[in-house]
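This report describes the domain division of a protein chain and the packing of some of its helices. The structure under discussion is shown below.

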Amino acid sequence: MTRLSQAALTALPEGIAAPRYDRSTVTNGVVHFGPGAFHRAHQAAAFDTLLAHDPRWGLTGISLNSRGVADSLNPQDGLYTLALLDLETSYRVIGSIGRVLTRDDPEAILTALAHHDTRVISSTVTEKGYCLNADGALDLANPAIATDLEAARADDWTPASFTGWLVRGFQVRRHAGLPGVTVLCCDNLTDNGRKLEAAALALAGEIDPDTARWIADNVAFPNAMVDSITPATDAALRTRVAHETGLEDAWPIQRERFTQWVIEDRFAGERPALDVAGVTFASNVRPFETAKLRLLNGAHSSLAYIGLGMGLETVADAMADSTLAAFVERLMRVDIAPSVTPPPGLDLDGYISDVLARFRNPAIRHLLSQIAWDGSQKLPYRLLDTVRDALAAGRSVERLALPIAAWLRFLVRAANEGRTITDPLGPMLLARAGDWRSVLALREVFGDLGSEPRFAHAVAAGLASLEAGQPAPAGV
Ligand code: CS2
């Protein structure tokens, strides 16, 4: 079977969308760190739409942690297939990524960062990629950051961390007299832009205070809310894509049709006209972020940890269990919604109903085990902030503590079965799993909540009800 490539596009069957712009005229205005599935499903598709209007916004991808994306996409001229899963699945070949660079080519990464065409540097490096501590500030003791602090004593240094690469890129831009850029964080963190800004300033402050000042004066870090459910690529998708397109694609991507991207209108220079791709620019993104993180992601993690404990496999399976579905709906409407101030015009009840309908999408096989990754990094934003707000307002935290109890049991099962888990704190969590109070005492995850008796009490009740085989504490 012919491999997907620019030349092979002429062979695409009718009905499969492909770039309608001349890719040879595209220049790269964006450098993106972390061109994994979510980026390729979401932002890269939006830029693909924009490129038909303005060819100056092509993407260079940077994969710091593996060669997989580069090895898949570069031989395909950066092209890949995106499957949009709905009642009827449709397919679209995306052409916005020109090439993908890896750590093996640090010179090329630096050249891209310090190119005058580069006006946006964006990122989806996942929560752990920002190396933040429980207070959301840069963790100077993180191994990658500590390595960068050491390496940066030399003038010509090669960073280890994403934040290190940002600072290095800014150093070179400053010395070259290039203009500032916009750094667009696209990960599920509250206040993501501000947190990354503070982290970059903190690292630059340690390494090179002149560059820290340059960043403060020349770089904008808008907050952004990103949303689209993107199950990992599986063998079934590869087979369907090969069948539908007639071409072999080393790494196709799938997502639900729904997509949302709200970006704070705070750019250092030119703003890409992403409105043509349905992107919203807003003066304040926090209400969108909070609604999405707490309601959608909070419910997702709850379904994942409780559902896995019940032996379920996918989000749709979990939603098909009427007790679990009813529990999660109550959690969203009664416990999470009061801690969310919706953006003007958003009806929270309708939003919750829409999210639940998306979870039920029969065309999507979204593994609970995928959502369960990196719990120590995700839970603080998804559920623990809501717990804090509920405690401060004197509301009950019984239901909110149940998914936390389910996570604790998830750790116990992994420890007992001798399995590792995907989580940067994995070894420490598994070592403590046998004593849940010692997990609660981890400031990196729970901050001050670990010593809050009302929370510990609710977690204990949650553990007891899960052990009794009930997905909700008695009477809740
Ligand atoms: C999910 C998210 O894997 C996870 O943790 O909760 O990836 C979720 O599907 C997206 O944030 C939806 O926009």
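Domain bounds are those of an automatic or database domain assignment. On that basis, the protein chain is divided into domain 1 (7-282) and domain 2 (286-467). Residues are numbered from 1 along each chain as its sequence is written. The model is predicted: local features need pLDDT of at least 70, side-chain atom pairs count only at pLDDT 80 or more, and totals for chains, interfaces and linings use all residues. Here pLDDT is the predictor's confidence in each residue, from 0 to 100. The mean pLDDT of the protein chain is 97, and 99% of its residues reach 70 or more. The model has an ipTM of 0.99 and a pTM of 0.96.

**Domains**

Taken over C-alpha atoms, the centres of domain 1 and domain 2 are 28 Å apart. Domain 1 contributes 23 residues to the contact and domain 2 contributes 27 residues; two residues are in contact if their C-beta atoms, placed from the backbone, lie within 7 Å. On the side of domain 1 that touches domain 2, 11 residues are nonpolar, six polar and six charged. In this classification Ala, Val, Leu, Ile, Met, Phe, Trp, Tyr, Cys and Pro count as nonpolar, Asp, Glu, Lys and Arg as charged, and the others, Gly among them, as polar.

**Helix packing**

Helices are DSSP runs (H or I, at least four residues), numbered from the N terminus. Their axes are lines fitted to C-alpha atoms over the stretch in contact, and angles run from 0 to 180 degrees between N-to-C directions.

| Helix pair | Axis distance | Crossing angle |
|---|---|---|
| α7 (residues 192-207) and α8 (residues 209-218) | within 6 Å | roughly 155° |
| α6 (residues 162-176) and α8 | within 10 Å | roughly 85° |
| α10 (residues 286-309) and α12 (residues 322-336) | 10 Å | about 145° |

At roughly 155°, α7 is roughly antiparallel to α8 (an angle over 145 degrees). The contact joins A200, L201, A204 and G205 of α7 to P209, T211, A212, I215 and A216 of α8. By class, seven of these residues are nonpolar, two are polar and none is charged.

With a crossing of roughly 85°, α6 is roughly perpendicular to α8 (65 to 115 degrees). V167, F170, Q171 and R174 in α6 meet T211, W214 and I215 in α8. This contact has four nonpolar, two polar and one charged residues.

For α10 and α12, the contact includes G298, A299 and L303 of α10 and V328, L331 and M332 of α12. Its classes are nine nonpolar, three polar and one charged.

Methods
Helices (H or I, at least four residues) and strands (E, at least two) are DSSP runs, numbered from the N terminus. Angles under 35 degrees count as roughly parallel, over 145 as roughly antiparallel, 65 to 115 as roughly perpendicular and the rest as oblique.
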